[in-house]
Amino acid sequence: MASLPKIYDPQEIEGKWHQFWQNNGFFHAEATSDKPPYAIVIPPPNITGSLHIGHALDNTLQDCLIRWKRMQGYNVLWMPGTDHAGIVTELIMERKLAEEGTSRNALGREKFIERMWQWKDESAGYIVSQLQKLGCSCDWERERFTLDEGLSEAVRTAFVKLYNEGLIYRDTYMVNWCPQCNTAVSNLEVEPIEIDGNFYHIRYPVIDSDVMLEIATTRPETMLGDTAVAVHPDDERYQHLIGKKVLLPLSNREIPIIADEYVDTEFGTGALKVTPAHDVNDYEIGLRHDLEQRTIFTQDGYINEKAPKKYVNLSRWDCRKKVVEDLENENFLVKIVPHRHAVGHHDRCNTVVEPAISLQWFMNVRPLAERAIEATKKGEVTFIPERETTRFFHWMENIEPWPISRQRWWGHRLPIWYCNACEAVTAAMDTPQQCECGATDFHQDEDVLDTWFSSGLWPFSTMGWPEETDELNTFYPTSVLVTGWDILFFWVARMIMLGLGCMDEVPFRKVYLHGLVADEKGQKMSKSKGNSIDPLETIADYGTDAFRFALANTSTPIPYVPLLESQIEAGKRFTNKIWNAARFILMNLEKFPVPAENAEMTEGQELLEIQWIQSRLSHTIKTATDAIENFRFYEMAQTLYAFLWHEFCDWYLEFAKQRLSKNEPEALWVAADVLEQMMRLLHPIIPFLTEEIWQQLPHGGNNPTANDNASVTVAPWPEPIGENPTAEATMTNIMEVIENIRSIRGELNVPIGASVEVHIQSPNTEDRKRLETYLEQYLPAFTRVSNITIAESLPKPSASAEAVIGDLAIYIPLAGVIDFEAEKARLTKRYDQTVKDVAAAQKTLENPNFIERAPEKVVAQKRELLERLLVEQEKLARSLTMLSS
RNA sequence: GGGCGGGUAGCUCAGGUGGCUAGAGCGACAGCCUUACAAGCUGUAGGUCACAGGUUCAAGUCCUGUCCCGCCUACCA
């Protein structure tokens, strides 16, 4: 220990502790226990490579809660795992395959899945090691994966159950289709992006008339699939045309003019081309009027043979160009008007999605959504921040059927079998033996489930459901879910619904939705934007602890939390500060070891600085605990930071030094005790360094149980022992005096080496007594003084600087050193400020209503303030007059 | 179109139920290698709390309106 380096090197320290914790089983949760349970399931990271900044924040906050509760004596479970993540992971693999010169289709389903599992093994291992590097105290023995055997059984069980309850069904309906991924996707996976497009005004000639009906569209190519033109039934402009037909340009098909209330007479030309196969609204209109659904696109977004020959095999975009060109040539195009509008893109591959009619599996989520709303209203789940509840309700109240089948390979195959003989549909855990028709041959549905289906079961599938396990009994519903607000609908809402559907109970009691990490401009950090901070690089540069501190310290409850490099630096400086405070204490403890018995320590309890620091610590414990209890991580971090740095280091350790110079070790021993408690308080945020220091500090003292604990990880969470307002008030006075003396020295440039005399005039006997007792003890620790005089009344020495604190005056004779102009300026500034403050206080007190209606306490405080200010004002005025003469 | 969040020091942000003279970190300026820490210490400067009204004895905090910024949501072709 003798040679602790001056600069804290996180790389030296952080590496060794994870293994130590792991070997001692501190993170392991008991399936049955007398302790109260506390459980969090990790939002399983996608196996798509490395951890990003969002994971770092999310998991840091979870680890803070978990470590805190563990120290509080709970039976803590943090369930870890990863998510197969369906399409995203497939896309990554497809990119790899392309680099290798092959493709998904070339490999075939079986080989492709094999490659995916290889990838999973690498990626999941890498992610776990990164989480461990971040200090995450998950119960790693329980690690799960959404596609592993147990979870797959849970998925099949849930599916079959919901199918049997009639909530899962197959239907032909209009869905969002991704021509790139060749699959249906849900509304949530479609991201509307504003683009600059055009309004194409096109003339449709009305048959048996010389009238041209003008329509406007943003997607002219879809006119190849038009099967009607619609106008509003009350639109006088078009009344006479309803029931007639138009000749569809380019296709030369006759299509009817129909009347439908959906049409907005104000918008465009008031006439709407109807393409039931390629637009959601047109689809609805088509159903109402029994129109043909003319699909003109292939699944990958090319024109099929339902369109006129010349367009077949063109891409969507080429077709649009060609159609516009032809319309212009044939004089059907009226005009092109620029028009900005939102176009849906697949959030995974960024391709423009195509509304398409398709046979898919759906889940009717409405009944479960209603239960979820009810449960939330009853307080079975609460959202933090509260505003998220509104968003949740709004989504739930307007929820639509969830298309759950994906025409992909990587995922849970639907547990649906079709009879080869009669096509009867069976939902079952395994291949059925025999169909009702007597046949015994079946084929399983080719599709896989939306990846969110399996993650929706995560809180109970990871605990062994559908078996009735001890884990479920002990930990379900879990205590809290921590995740970003951006996946409230994708994931949180579905977990609540599926939890109610499968377990008859919500999956968690609280949902803490934190902000998304952003850069200094408030832009969300993302790899694609290139504004992202890489957690691993950051950890390498600053250390995990510093990084975690910065994350906790910036995590305010706003939607986008900016994380600045400078804040991570601040974190690093803080860890260094802690390191050095510990160094100081440990070095001195070698000279003055803490006595085995506490008896000798009681003697020191009389010391004001000890009473003060213990009171402040007590206050800090209370504030920090309250903060984390309410998910105010930033407040917890800031409270601990401010106390440790600005009270403990800046003041208390200076007091302790002073005592040590007189061979009085009590204050040091208390410093060691305070630091030990601080290590416990900081441990949830700063796990590694606090363990390192805690191991070296004596932790028997006032914490008798700690001797049995081998780690701060399982040391008890500190309890406040009570505050001492008298000691705090006295100390505040002393500090004020010291600060004023420092201020004079600083502003008048008195060299640090120069000793000064301090004359203090104080009319109050009590104050004088206190100052006499403490000032001589403390002052030398903070500034160089040659002599301190304290008296009821004192003449102001000529050529002296002055400070005023209420009725107390401090004079520092500076003959030969003082710059009278500078002193005058200094006092004038203070005087001006005091005059302002006096005026404000007077104004309030002169209002009779204030005296009458404000609480007595507030009035008394104001009076006291004014009194003090008036005294200060008078003193300053007198001194200024003297200076001027 | 609806809804939500934000506008406080040069920058990034705190300021639960209205009440101490509006705070922190970073940055700026000045001075210090004071025997834990120069990744440090000390001091200083810097804010009509977006704007306009209102409620109140009292408003950064509550209400109304306005202006910006951001986000979520919606089928306007």
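This is a predicted model: local features need pLDDT of at least 70, side-chain atom pairs count only at pLDDT 80 or more; totals for chains, interfaces and linings use all residues.

**Notes on salt bridges, backbone features and surface**

1. Arg-391 counts as partly exposed, its relative accessibility being 30%. The residue takes part in a salt bridge with Glu-388, in which the closest N and O atoms are 2.8 Å apart.

2. A second pair within one helix deserves attention. Asp-318 and Lys-321 form a salt bridge whose closest N and O atoms are 4.0 Å apart. The two residues lie in helix α8 (residues 316-329) and, being 3 residues apart, are separated by about one helical turn. Asp-318 is partly exposed, with a relative accessible area of 38%, whereas Lys-321, at 57%, is exposed.

3. What is the distance between the closest N and O atoms of the salt bridge that Glu-609 forms with Arg-659? These atoms are 2.6 Å apart. Glu-609 is part of helix α19 (residues 608-629) and Arg-659 is part of helix α20 (residues 633-661), so this pair ties together parts that are 50 residues apart in sequence. Glu-609 counts as buried, with a relative accessibility of 0%. Arg-659 also counts as buried, at 5% relative accessibility.

4. These pairs should be read against the overall count: a search of the whole structure finds 50 salt bridges. Some charged residues are linked in a network of such bridges, made up of Arg-219, Glu-221, Arg-316, Arg-320 and Glu-354.

5. Which residues form a negative surface patch? The patch consists of Glu-149, Glu-153, Asp-430, Glu-467 and Glu-468. Glu-467 is placed in the loop between α12 (458-461) and α13 (470-475). With a relative accessibility of 48%, Glu-467 counts as partly exposed. A residue is called exposed only when its relative accessible area is over 50%.

6. The loop between α12 and α13 also contains Pro-466. The peptide bond joining Trp-465 to Pro-466 is cis, and its omega is about 10 degrees. A cis peptide bond is likewise present from Tyr-476 to Pro-477, with omega near 0 degrees. Pro-477 is found in the loop between α13 and β22, the latter covering residues 478-484.

7. Leu-250, a residue other than glycine, has a positive phi near 70 degrees. Leu-250 sits in the loop between β10 (245-248) and β11 (253-259), and at 12% relative accessibility it counts as buried. For Asn-350, which is not glycine either, phi is positive and near 70 degrees. Asn-350 is located in the loop between β13 (333-346) and β14 (354-363).

8. Cys-502 is buried, with a relative accessible area of 11%. The helix is followed by Asp-504, which has a positive phi near 60 degrees.

9. How many disulfides does the structure hold? The number is 0. Cys-422 is in no disulfide, and the nearest cysteine sulfur, belonging to Cys-435, is 3.5 Å away. Cys-422 is partly exposed, with a relative accessible area of 38%.

Technical notes: Residues are numbered from 1 along each chain as its sequence is written. Chains are lettered from A and ligands numbered from 1 in the order in which they are written. Side-chain values use heavy atoms; hydrogens and water are left out. Patches are made of residues with over 30% relative accessible area and no salt bridge: like charges are joined within 9 Å, nonpolar side chains (Val, Leu, Ile, Met, Phe, Trp, Tyr) within 5 Å. Accessible areas come from the Shrake-Rupley method with a 1.4 Å probe; for residues, only the protein chains shown count as cover. A salt bridge is a side-chain nitrogen of Lys or Arg within 4 Å of a carboxyl oxygen of Asp or Glu. Lys and Arg count as positive and Asp and Glu as negative; His and the chain ends are not counted. The place of a charge is taken as NZ of Lys, CZ of Arg, CG of Asp or CD of Glu. Helices (H or I, at least four residues) and strands (E, at least two) are DSSP runs, numbered from the N terminus. Buried means under 20% relative accessible area, exposed over 50%, partly exposed in between (1.4 Å probe, protein chains only). A disulfide is a pair of cysteine sulfur atoms within 2.5 Å.
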